[in-house]
Amino acid sequence: MDMYFCPLYSGSSGNALFCQYGSTRLLIDAGKTGRCLGEALAAIGVDPASLDGVLITHEHSEHIRGAGVLARKYRLPLYATQETWRAMADKIGRIPGDLIRTVRPGADFWLGEMGVGPFSIPHDAADPVGYRLWGGSLSVSTATDLGEFTENVYSAVRGSTLVLLESNHDPELLRANPRYSAQLKARILGDHGHLSNAACADALLRLIGAGTKHVILGHLSAENNTPTLAQRVSETAMMREDIRPGEDVELQVALRDEVSSIFRLKETD
Ligand SMILES: [Zn+2]
Ligand SMILES: [Zn+2]
């Protein structure tokens, strides 16, 4: 069977990633209004009521904005760590008890036909996670909102067919940005903040060396990065290692405010 993956939104103004394997469909994060998420799903021909659940990474608003609305309107189970549940409880409204699911980093489980592996990421939230999803021999991993690409993250993600990794900012653009306070800059640059373009590129080289064939750069900063810059940093790093972007490895940038293309992964990938 094929696996489908599509970033609906990715960045500081909202995040939602769609994935399907067999008849199982789910979202990672629901960080736009319910209406926006419904429109984005409609654009790829998916009825929100056909989703099997929503996996939440952490409680920052650009990851959970529409989670409560989606869960209540379409009776979708929400999955999050216990600490994330605690931290987002007063932000997403009341969720019926039978839709509350708790995940634990390192405790893999099945959601329909898809395997789900939550793993810890270093970020300034209560108990944030990334997710690895798999079906057959295919797997997709997503890791955004992480200050550092740790060995723990590497071992959780390595070997994935497709990886969506954060390529948040260019440190020089960030440092020179007059609209950001010194405190905010320190937060973003810190080891529980966000991954820079160069750190992302380094991590991707390791992942490609371990077999990853499709790469998506995600969670780009609106002010301290551009899609062209993020792509160039990763492409340059690849070419230095004799990896040909577009030939050896597919490389794309997830769009911030509109639906990106749908990735179709085949069992032979
Ligand atoms: Zn975020
Ligand atoms: Zn965050």
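The buried residues of helix 8 are covered by elements that include helix 5 (151-157), strand 11 (162-166), strand 12 (214-218) and helix 9 (227-240), where contact means heavy atoms within 4.5 Å. Helices (H or I, at least four residues) and strands (E, at least two) are DSSP runs numbered from the N terminus. The model is predicted: local features need pLDDT of at least 70 and side-chain atom pairs count only at pLDDT 80 or more, while totals for chains, interfaces and linings use all residues. Residues are numbered from 1 along each chain as its sequence is written, chains are lettered from A and ligands numbered from 1 in the order in which they are written, and side-chain values use heavy atoms, with hydrogens and water left out.

Helix 8 spans residues 197-209. Its 13 residues reach 18 Å from the first C-alpha to the last, close to the 18 Å expected at 1.5 Å a residue; the expected span is 1.5 Å times one less than the number of residues. Asn 197, Cys 200, Ala 201, Ala 203, Leu 204, Leu 205, Leu 207 and Ile 208 are the buried residues of this helix. Buried means under 20% relative accessible area, exposed over 50%, and partly exposed in between (1.4 Å probe, protein chains only). Gly 211, which follows helix 8, has a positive phi near 115°.

In strand 1 (residues 3-9), six of the seven residues are buried. Strand 1 runs antiparallel to strand 2 (residues 16-21), and six bridges join them; pairing requires that DSSP finds at least two bridges between two strands. Within this pair, Phe 18 of strand 2 stands opposite Cys 6. The two strands form a hairpin with six residues between them, and Gly 11 in the turn has a positive phi of about 150°. Strand 1 also pairs with strand 14 (residues 263-265), in the antiparallel sense over three bridges. There, Arg 264 in strand 14 is the bridge partner of Tyr 4.

Positive phi also occurs in residues other than glycine. Arg 75, with a phi of about 50°, lies in the loop between helix 3 (67-74) and strand 5 (78-81). Arg 75 counts as partly exposed because its relative accessibility is 47%. Asp 242 has a phi near 65° and is placed in the loop between helix 9 and strand 13 (250-253). With a relative accessible area of 69%, Asp 242 is exposed.

A search of the whole structure finds one cavity of 30 Å³ or more. On a 1 Å grid over the protein atoms alone, a cavity is a set of points where a 1.4 Å probe fits but cannot get out, and a pocket is an open set with protein on both sides within 12 Å along at least five of seven lines; lining residues have an atom within 4 Å of a point. Grid points are joined across faces, edges and corners, and a volume is the space filled by probe spheres set on the points. The largest cavity holds about 70 Å³ of space. Of its 13 lining residues, Leu 17, Asp 29, Thr 57, His 63 and Thr 144 lie nearest the centre. Strand 9 (129-135) and strand 10 (138-143) are the elements that give two or more residues to this lining.

The largest pocket has about 200 Å³ of space. It is lined by 16 residues, with Ser 12, Tyr 180, Arg 187, Ile 188 and His 194 closest to its centre. Helix 7 (residues 182-189) provides the largest share of the lining, three residues.
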